[in-house]
Each structure stands twice: as structure tokens, then as C-alpha cells.
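Please keep the sequence and the structure in view while reading.

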Amino acid sequence: MAIATAPTSTQPTRTAEDYLRWEVQQPTRNEYHNGEIVAMSGGTPAHNEIAGNLFVLLKLALKRQPYQVFITDQRLWIPQRNTYTYPDVMVTEKPCQLQPGRQDTVMNPIVLAEVLSPSTQGYDRGEKFAAYRSLDTVEDYLLIYQDRPLVEHYAKQTAQQWLLTEYQGLDVTLALGSVSLNLSLGELYEAVEFQTSLEATNPPTEDNSQDNPDAEVIESPETQKNS
């Protein structure tokens, strides 16, 4: 899948309208971050395989249910951040809510997923996650490693509190509460070849047993100020 690099450009500020007029004419995808256009580079085979697997798993599991599943090329509008982005995988309610005046941009995701890359993982955990949290509809956010079977799952608890659960190992099942669905990491990582051995990455000890994945409550800065 395409990967958006963190904003570093010094190009002049452009309006969202300018970006949208320009973007529909481009052969490749570009994101818009409050005045800055950010090019999206190509992903690795593992990145593509994982995102494709997740799309298929969600598409099949949610068949004939009131949801739509999108992959890569579907643009998402985040109005509070004046941002347009292309999540790796996204689930919305059906019919999806479109940005007023447009037929190509959605704005009501329930589940968002990003496959991590070394150059973007800080952005995916930081600014991008903060932008995603500004959308009231988002309930689940997945950060998926491509070099080992590991997924960080953020599940909304309240408007300003998210629960982080880590899932490791190919025999683990991840629960998406927003769409009442369980996902097998074995199926998520099917056909993915890891560059490092699983034994070296995740040695089998009692401390990292997958029957009880580690969970941590993540509070937003607003919640911490009020505590």
C-alpha cells in the first residue's frame, strides 16, 4: 500500500479546495495536512500483503452487514484537523457518509488500520492517531507491524480515553468490538515472510503468553489535565 511520509515540506500553504482540484488529476495519491500536500510513497510486499489480507478478512466477515470496507485509495476527510488522508484499511457504516459536495471522500470511519513502516510509525502513533481521534465515529484503531506478528489495538472507552492492547503471535485472536468481529493474526499475516525469525523476535516465555495480552489504558492530554 502507499505510505504517506510525515509532513516535512516547505512548499507554500495551499487551500483544501486547491488540493482537491489538483489531487483528482494525479496518477498517484497525496495527502493534505492543513495547507501542506504530502506525497505517498510505495509500500513493501509485506505491507501490501498484510493490508490486503485485512481487507479480505473484513470484507468476508462483514458481508451482508451494514458496513463498507475500503482499502488504500479511499480518501478520508478529518474536518477538525483540516486533513485529507488515505488509511490503509477503513470500515464505515453503510451507506458511508460523504463530505458535503463530494462523491469521493468519506468522513465516518468506525475502524481504521495502518500497517507500520519505519519511516512513518511515529507519525501513525502520534499526529495521525490524534487526527483520527478527533472523529467521533472512530471506535477501533489498529497499528500492524509488518516485520513480526504484532498488532497494537486502540479501543475507545470514552471520548477522551482509549485502551491499548497488544497482540503477539500467529495463534492469537484480536477482538474488534465496534463491529463484533474476531480476527486471527495467523490469517492476517498469511503468506507474509518475516525477515527475522519468530523465535528471536518473540521468545516463548510465560511472561508473554498470548492467552492474556497486555492491556493499557491510554488517556488523552485533556483527560490527564482534569485528573
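Leaving out neighbours within four places in sequence, L58 is in contact (heavy atoms within 4.5 Å) with V69, V89, V91, L176, L181 and L183. The model is predicted, so local features need pLDDT of at least 70 and side-chain atom pairs count only at pLDDT 80 or more, while totals for chains, interfaces and linings use all residues. Residues are numbered from 1 along each chain as its sequence is written, and side-chain values use heavy atoms, with hydrogens and water left out.

L58 belongs to the largest nonpolar core, which has 49 residues; L58, I144 and Y189 touch the most other members. A nonpolar core is a set of buried Ala, Val, Leu, Ile, Met, Phe, Trp, Tyr and Cys residues joined through side-chain atoms within 4.5 Å. Buried means under 20% relative accessible area, exposed over 50%, and partly exposed in between (1.4 Å probe, protein chains only). Helix 2 (residues 45-61) supplies the largest share of this core, six residues; helices (H or I, at least four residues) and strands (E, at least two) are DSSP runs numbered from the N terminus. Another core lies apart from it and has 10 residues, including A16, L20, Y32 and Y84.

The aromatic rings come next. Rings of Phe, Tyr and Trp (its six-membered ring) pair if their centres lie within 6.5 Å; planes under 30 degrees apart count as stacked, over 60 as edge-to-face and the rest as tilted. The count of such pairs is 10. Why is the pair of F129 and Y141 stacked? The ring centres of F129 and Y141 are 4.8 Å apart and the planes stand at 25°, so the pair is stacked. This pair links distant parts of the chain, since F129 lies in helix 4 (residues 127-133) and Y141 in strand 10 (residues 140-144), 12 residues apart. F129 counts as buried at 4% relative accessibility, and Y141 counts as buried at 0%.

F129 also forms an edge-to-face pair with W162, at 5.4 Å centre to centre and 80° between the planes. Here too distant parts of the chain are linked, with W162 in strand 12 (residues 161-168), 33 residues from F129. One aromatic cluster is formed by F129, Y132, Y141, Y154 and W162.

Beyond four places in sequence, Y141 touches L112, E114, D124, K128, F129, Y132, E152, H153 and Y154. A polar atom of the Y141 side chain lies 2.9 Å from the backbone oxygen of D124.

The backbone itself has some particular points. K94 and P95 are joined by a cis peptide bond, with omega about 0°, and P95 is in the loop between strand 7 (89-93) and strand 8 (105-106). N34, although not a glycine, has a positive phi of about 50°; N34 is exposed, with a relative accessible area of 51%.

Confidence is given by pLDDT, the predictor's value for each residue from 0 to 100. The chain has a mean pLDDT of 86, and 81% of its residues reach 70 or more. Over residues 221-227, however, pLDDT stays under 50. Where pLDDT is low, the predicted coordinates should not be read in detail.

Key: A polar contact is a pair of N or O atoms within 3.5 Å; within protein, one must be able to donate a hydrogen and the other to accept it, and residues adjacent in sequence count only if both atoms are side-chain atoms.
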